[in-house]
Amino acid sequence: MTVLDRRVLYFSGKETVALHDEPLLPPARGEVSVRSRLSAISAGTELLFYRGRVAEGVAADTSLDVLTQPVQYPLSYGYAVVGVVEAAGEAVPREWIGRRVFAFAPHADRFNGPIEALLPIPPSVSDEDALFLPNMETAIGLVHDGAPLLGERTVVTGLGVVGLLVVGLLATSRTVRVTGVDHLALRRRWALELGADHALDPGDPALTVAAGENAPAGGADLCIEVSGNPAALDLAIALAGYTGRIVVGSWYGEREQVLRLGARFHRFKQTLLSSQVSHIAPGLSGRWSKMRRFELAWEAIEQLRPARLITHRFDIASAGDAFALLAGRDPEALQVVFTYP
């Protein structure tokens with residue numbers, strides 16, 4: 001039995017990462033071995049783990065088998081890997097060998113996994129575009145939960161990768177008017193590139209006008225909050241109009257949030273909606289499945305080509321530099337990717 005060495009990235013403590021060499025056994029029955037080509041850092045959720053802002057003892061992600069272990073440092077994390085199948089266990093058809101696949105797996109240069117947990121990458125999708133599958137699925141879930149109607153005024157607060165993909169999906173449909181909101185000029189420029197009608201700083205006086213405050217039925221119909229900043233919920237409440245919906249897609253970790261649920265929220269009868277990509281919303285579950293949503297995500301990836309949002313590429317050996325870049329809030333950083341020798 002040949003045992004290979006693999007390198008795995010661990011959060012070894014607050015704002016500390018390290019690479020560990022571990023043995024990798026041959027794939028078991030029904031499994032394959034994957035050699036990683038690329039993996040993507042989540043600048044939202046993953047930075048919470050890096051900064052130690054997630055309570056220890058809770059599951060990292062209950063929807064992914066590889067991330068169900070309780071949060072405890074050292075912690076292996078990550079959920080967007082693109083690689084190539086290089087070995088197959090018993091009962092796995094030989095055509096899997098050499099196939100490009102996407103996996104919800106932690107950062108590592110090699111790993112084993114059951115074939116039912118891997119998603120073959122369509123031939124028309126590049127490796128770098130394929131890295132955006134989880135973010136695209138999240139963006140689709142946010143749009144589904146918001147259920148925008150024809151002609152509605154929609155505001156997206158937070159123009160990170162997920163926010164920009166939400167903007168792209170809404171703009172592509174050409175059924176709503178979209179305003180993106182972010183402090184960073186680079187992200188606002190990308191929102192306009194992806195089809196937003198407006199892209200404004202949160203403090204820009206023009207924001208309330210763009211959201212429709214001066215329209216006959218004032219305020220935004222729908223706000224989608226994906227900034228990762230709890231204060232953005234207050235902004236969404238301030239921008240949403242009468243019976244406006246506010247979809248909360250951010251996970252704030254252990255950060256406290258005191259909402260200003262004052263006169264506007266109550267008198268305007270606004271609705272706060274939580275959004276979670278791990279499951280299909282009950283109202284859609286009769287017709288939609290995770291696989292149907294993945295199929296739509298691949299189509300959206302082909303249309304939007306999100307690899308252009310990659311701003312930095314780091315060899316996995318320089319992982320510490322990559323996380324330091326994101327933690328330092330570099331205004332030029334958007335999607336950061338690991339490459340593997």
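Which helix gives the most to the lining of the second largest cavity? The model examined here is predicted, so that local features were required to have pLDDT of at least 70 and side-chain atom pairs pLDDT 80 or more, whereas totals for chains, interfaces and linings use all residues. Residues are numbered from 1 along each chain as its sequence is written, and side-chain values use heavy atoms, without hydrogens and water.

The answer is H3, with three residues in that lining; helices (H or I, at least four residues) and strands (E, at least two) are DSSP runs numbered from the N terminus. A cavity is a set of points on a 1 Å grid over the protein atoms alone where a 1.4 Å probe fits but cannot get out, and lining residues have an atom within 4 Å of a point. The second largest cavity, with a volume of about 50 Å³ (the space filled by probe spheres set on the points, which are joined across faces, edges and corners), is lined by Gly141, His144, Asp145, Gln276, Val277, His279, Ala281, Leu284 and Arg293. By class, this lining has three nonpolar, four polar and two charged residues, where Ala, Val, Leu, Ile, Met, Phe, Trp, Tyr, Cys and Pro count as nonpolar, Asp, Glu, Lys and Arg as charged, and the others, Gly among them, as polar. The largest cavity, of about 60 Å³, has a lining that includes Ala40, Tyr79, Pro134 and Gln335.

Helix H3 (residues 133–146) also packs with helix H9 (residues 290–304), at an angle of about 110 degrees and with the axes 9 Å apart; axes are lines fitted to C-alpha atoms, for helices over the stretch in contact, and angles run from 0 to 180 degrees between N-to-C directions. The two helices, H3 and H9, are therefore roughly perpendicular to each other (65 to 115 degrees).

An open sheet of six strands has the order S11-S10-S9-S12-S13-S14, with parallel pairing, two strands being paired if DSSP finds at least two bridges between them. Strands S11 (198–200) and S14 (271–274) lie at the edges, each pairing on one side only, and the twist averages 20 degrees from one strand to the next. On this sheet H3 packs against S12 (220–225), S13 (240–248) and S14, its direction making about 150 degrees with that of S13.

Notes: Parallel < 35°, antiparallel > 145°, perpendicular 65-115°, else oblique. 1 Å grid on protein atoms, 1.4 Å probe; cavity = no way out; pocket = protein on both sides within 12 Å on 5 of 7 lines; lining within 4 Å. Contact = heavy atoms within 4.5 Å.
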